[in-house]
Amino acid sequence: QVRLVESGGGLVQAGESLRLSCAASGSIFSIYAMGWYRQAPGKQRELVATITSTGITNYADSVKGRFTISRDNAKNSVYLQMNSLKPEDTAVYYCNARILTALGSISDYWGQGTQVTVSS
């Protein structure tokens, strides 16, 4: 059993910052890529940022220069520092991780989502 739990969402004004955290727990042998996705009302879920186990990062063009993804492998955790937030960043943010479990299976796991609301 593997679980991802996000925290750190909230309501902020445009230009402010938020930091999202996501911790994986359970029967984990190894974690490959981790990432953040978001889904705004009426829109499809989209990639925000990903990070490999060796720290290689990838960002959506819309967040480059404003968001920073990082991870702590010792804590099975991934973070998203969001600066200069804009109203269009408003969405439910989901944590994702590709995990090799102790039973030997590899699957993608998702957190429950955390709401980020940016007011203008």
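**First stop: Glu6**

Select Glu6 and display its surroundings. Leaving aside residues up to four places away in sequence, Glu6 touches Ser21, Cys22, Trp36, Tyr93, Tyr94, Cys95, Gly111, Gln112, Gly113 and Thr114, where contact means heavy atoms within 4.5 Å. The model is a predicted one, in which local features need pLDDT of at least 70 and side-chain atom pairs count only at pLDDT 80 or more, while totals for chains, interfaces and linings use all residues. Residues are numbered from 1 along each chain as its sequence is written, and side-chain values use heavy atoms, with hydrogens and water left out.

Glu6 belongs to strand β1; strands (E, at least two residues) and helices (H or I, at least four) are DSSP runs, numbered from the N terminus. With a relative accessible area of 6%, Glu6 is buried. The term buried stands for under 20% relative accessible area, exposed for over 50%, and partly exposed for values in between (1.4 Å probe, protein chains only).

**Second stop: the disulfide**

Select Cys22 and Cys95, both of which Glu6 touches. A disulfide, meaning a pair of cysteine sulfur atoms within 2.5 Å, joins Cys22 to Cys95 with an S to S distance of 2.1 Å. Cys22 lies in strand β3 (residues 18-26) and Cys95 in strand β9 (residues 91-101), so the bond ties together parts that are 73 residues apart in sequence. The link is left-handed, with -80° about the S-S bond. Both cysteines are buried. A search of the whole structure finds 1 disulfide.

Which residues touch the most other members of the largest nonpolar core? Select Trp36, Leu80, Met82 and Tyr93, which hold that place among its 31 residues. A nonpolar core is a set of buried Ala, Val, Leu, Ile, Met, Phe, Trp, Tyr and Cys residues joined through side-chain atoms within 4.5 Å. Two or more residues of this core come from each of β1 (2-7), β3, β4 (28-39), β5 (46-51), β7 (67-72), β8 (77-82), β9 and β11 (114-119). Colour β9 separately, as it gives the largest share, 5 residues. In soluble globular proteins, nonpolar side chains tend to be buried together.

Move to Arg66, in the loop between β6 (57-59) and β7. Is Arg66 buried or exposed? Its relative accessible area is 10%, and Arg66 is buried. Beyond residues up to four places away in sequence, Arg66 touches Gln81, Met82, Asn83, Ser84, Leu85, Lys86 and Asp89.

From that list, select Ser84, which sits in the loop between β8 and β9. Phi of Ser84 is near 50°, a positive value in a residue other than glycine, and at 40% relative accessibility Ser84 counts as partly exposed. Next select Asn76, in the loop between β7 and β8. Asn76 also has a positive phi, near 50°, without being glycine; its relative accessibility of 26% makes it partly exposed.

Select Tyr37 and Trp110. A search of the whole structure finds 1 aromatic pair, and Tyr37 and Trp110 form it edge-to-face, at 5.1 Å centre to centre and 65° between the planes. Rings of Phe, Tyr and Trp (its six-membered ring) pair if their centres lie within 6.5 Å; planes under 30 degrees apart count as stacked, over 60 as edge-to-face and the rest as tilted. Tyr37 is in strand β4 and Trp110 in strand β10 (residues 106-110), so the pair links parts of the chain 73 residues apart. Trp110 is partly exposed, at 38% relative accessibility.

**Last stop: the whole chain**

Clear the selection and view the cartoon. The chain has 0 helices and 11 strands. Its radius of gyration, taken over C-alpha atoms, is 14 Å, close to the 14 Å that the globule rule (2.2 Å times the number of residues to the power 0.38) gives for 120 residues, so the chain is as compact as a globular protein of that length. The C-alpha trace spans about 45 × 25 × 20 Å along its principal axes. Of the 120 residues, 41% are buried.
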